[in-house]
Structure formats: structure tokens, C-alpha cells
Amino acid sequence: MSDNKRTPLYPFHEKLKARFVPFGGWDMPVSYTKILEEHTCVRKGLGLFDVSHMGEALVEGEEASEFLNYLITNDIDSMTDGKALYSPMCSEDGNVIDDVISYRYNKNKYFICLNASNTDKDIAWMEKNLGNFKCTVKNCSDEYGQIAIQGPRSLPFLNELFDFDMNHEIPRFHFKEIEIEGTLCIVSRTGYTGEDGCEIYIPTDKTLAVTEYIFEKGKSHNLTPIGLGARDSLRLEVGYPLYGHEISDAINPLKAGLGWCVKLKKEANFIGKENLTKEKEAGLTEKVIFYTLDDKRIARQDTPVLQNDKPIGKVLSGTFSPVINKPIGSALVKTADLDTGNLFFDLRGNKVALKVARPPLHK
């Protein structure tokens, strides 16, 4: 018996004969058929993911906004009610504790989505830094399951499912509470694949029933279950970071290319601001790049990046893109004297040139 936790949708996956892998302390479906087929399905059609392993927190109180603005690098004050905001959450040295999405009900109430493997660490970090802020932090991860519906055919299906125009009712990076089959759910217009769609937070005891209802409704739209394997290759194609890879306790958001959500000029002070400001002013010594290979071999994590046979970095993520039929990946490289046109991997004795590319890598 595995010691890993199981999501409320475990019976759903078993019925569909999913192949399971351990991930972040959970037994999760990595695939149902072939990963490359599932990847292509999301790029061309419509896919359903179980993301119930993700953590959730509720921050409430008269200084909830002030607390979160101190906690994250993005600007909470830029939000209005019903909006969602992506942001890194950093330690004092500027490296990343986690990247989170904050959902604003009002300035005194926020719902926060946390990464699965970081949930306990995140909650402890939030409680540690609560200080004298007049608000509370509640770990409500056990109260919710979560699914994601992603793909270019998502809007026709979601418009039919909810009987309203998604673009009007829930624009991108907004959310709304909606009743689905008698169950009040949080529907968020966000995602991790680069395709349109939504994520739905469902009370844990209703997650299986609501998901089965949605899946049945989606059959006429060819809604297909998708595992974590395709989720990883999809997010890498569009250049979305994965904690422990493109961002980590050793890679800060500036190095990761996430400077757009590090608001050094926002009025509120935030954890890590001093060191991130110093690094930006001094210039980055390392940065994350994305690349493609004109080869069939994949450069796996920690493979050295070579320039003139000298190691100048290492692979963070590597996989195969069925859309462009090439290996793709990300790497952390030193910026001093970097010649992006002269980078190689040594793959089993073969020197393979990498082409630095700007995401989305499949377009």
C-alpha cells in the first residue's frame, strides 16, 4: 500500500484505467493512454485534469490586503473584486518559496491556491510572517478538490455547461462562485497549459459526483481525461514555471524571467524586495532560458549546458513537444559572456546544439 494521499477522484481514474505515479506526496494519474496523444488532445481539442492535489488557503480580516501585499511580489492593490492574480512568494533572500494565485472576494477576503508539494511549507511561512497584521490564515486544502478544463474547444463546452457567455461572465483571470448540480463551486478562468479554459474548485465530498457530471456532459465535445505527464509538457511549451525547476529556493523570479510580476516600485514593502532590488540594479549573473533541439534525444534535468566545451549552466526541465516534433526544455545559464548561438549538450557522446527560443515554443 502506498503512503501517498489520494484525491477524491481516485475512483474516477481507476475506472478509466489511469497509470499512477507519486507526485508531491500524492498518487496521481500520469496518463490514461499515451502522454503525447493526451498533449495533442489539449492543443487541438478539450482535456480534463485532476488537480485536487493543489493546496488552498483562506486569508481573512481587515488587513488581509496589506498582509498579502507584504507576502507576495506582485501588487495586490491592482486587484478588484472577482479578479485572480499570479505571483511569486519569496524569502528574504529573494528566492522563491512558491508561486501562488490569489483570488479576491473583497479587500478583506482572499482565496489562495498553493502548489501541492509546498502546501505545508507555504502555510507555515504565511503564519510565521503574519505578525501584527489583523487577519487570519486558514489551511482549507482538505475542503476542496479541483479540476481543470483546458483546450481550444473549451469555451463552447463551458458556455453550454454553465448556460452563459464565459467571456462576459468570467473574463480571463477572473473567478465566480457558480452552482453546479446543486453544489456551490469556485470557477476560475485560469490554467496551466497555455490554452483557454477554467479551473473549478469543488467541495471535497462533492468532487467525484460533480466531475462525473461534467465528464458526462463533455462527451459530446470529446472531453478527454489528461494526466500529469501531458500537463508538464504543455506547461513547458508555453514557458510556465514549475516549482523546483524554473523557480525554486535557489532561483529567484528575476532569473526566472518573472520580473513582470515583481513590483519593486509598489508602495508596499514585501519580503525579498531589498535583495531583488539589489540584484536588478547589479545585473543578473544567471538567467533561465528556453530552447529547442533539432534532434530526437531529450536533454534531461541537470544535463550540463556547454559553451566551447565549458559548462555554463544546466537543464531545469526537458521533454518532447509533439506539436513541433522536437525536444524542448529550459536551462539556468550564466549570463557573463553568454553566446546564445553557441550552446551545446553532450548527449551520450554526441554534441547537440540547442536553439534558444522565446516561449511559446510550439508557435
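The sections below take these topics in turn.

## Basis

This is a predicted model, in which local features need pLDDT of at least 70, side-chain atom pairs count only at pLDDT 80 or more, and totals for chains, interfaces and linings use all residues. Residues are numbered from 1 along each chain as its sequence is written, and side-chain values use heavy atoms, with hydrogens and water left out.

## Helix contact

Helices (DSSP runs of H or I, at least four residues) and strands (E, at least two) are numbered from the N terminus. The axes of α2 (residues 35-44) and α8 (residues 228-237) cross at roughly 55 degrees and come within 8 Å. Axes are lines fitted to C-alpha atoms, for helices over the stretch in contact, and angles run from 0 to 180 degrees between N-to-C directions. The angle therefore makes α2 oblique to α8; under 35 degrees counts as roughly parallel, over 145 as roughly antiparallel, 65 to 115 as roughly perpendicular and the rest as oblique.

With contact meaning heavy atoms within 4.5 Å, Ile35, Glu38, His39, Val42 and Arg43 of α2 meet Gly229, Ala230, Ser233, Leu234 and Glu237 of α8. These contact residues comprise four nonpolar, three polar and three charged. Here Ala, Val, Leu, Ile, Met, Phe, Trp, Tyr, Cys and Pro count as nonpolar, Asp, Glu, Lys and Arg as charged, and the others, Gly among them, as polar.

## Pockets

A pocket is an open set of points on a 1 Å grid over the protein atoms alone, where a 1.4 Å probe fits, with protein on both sides within 12 Å along at least five of seven lines; lining residues have an atom within 4 Å of a point. A volume is the space filled by probe spheres set on the points, which are joined across faces, edges and corners. The largest pocket has a volume of about 1,200 Å³. Its lining has 50 residues, with Tyr192, Arg235, Tyr240, Pro241 and Leu242 the closest to the centre. α8 contributes the most to this lining, six residues. By class, the lining of the largest pocket has 30 nonpolar, 11 polar and nine charged residues.

The second largest pocket holds about 320 Å³. Of its 20 lining residues, Lys5, Trp26, His53, Ser141 and Asp142 lie nearest the centre. Both β1 (5-6) and α4 (119-128) supply at least two residues of that lining, which divides into five nonpolar, 11 polar and four charged.

## Backbone features

The peptide bond from Pro359 to Pro360 is cis, with omega near 5 degrees. Pro360 is in the segment after β20.

Asp163, a residue other than glycine, has a positive phi, near 60 degrees. Asp163 sits in the loop between α5 (154-162) and α6 (166-169).
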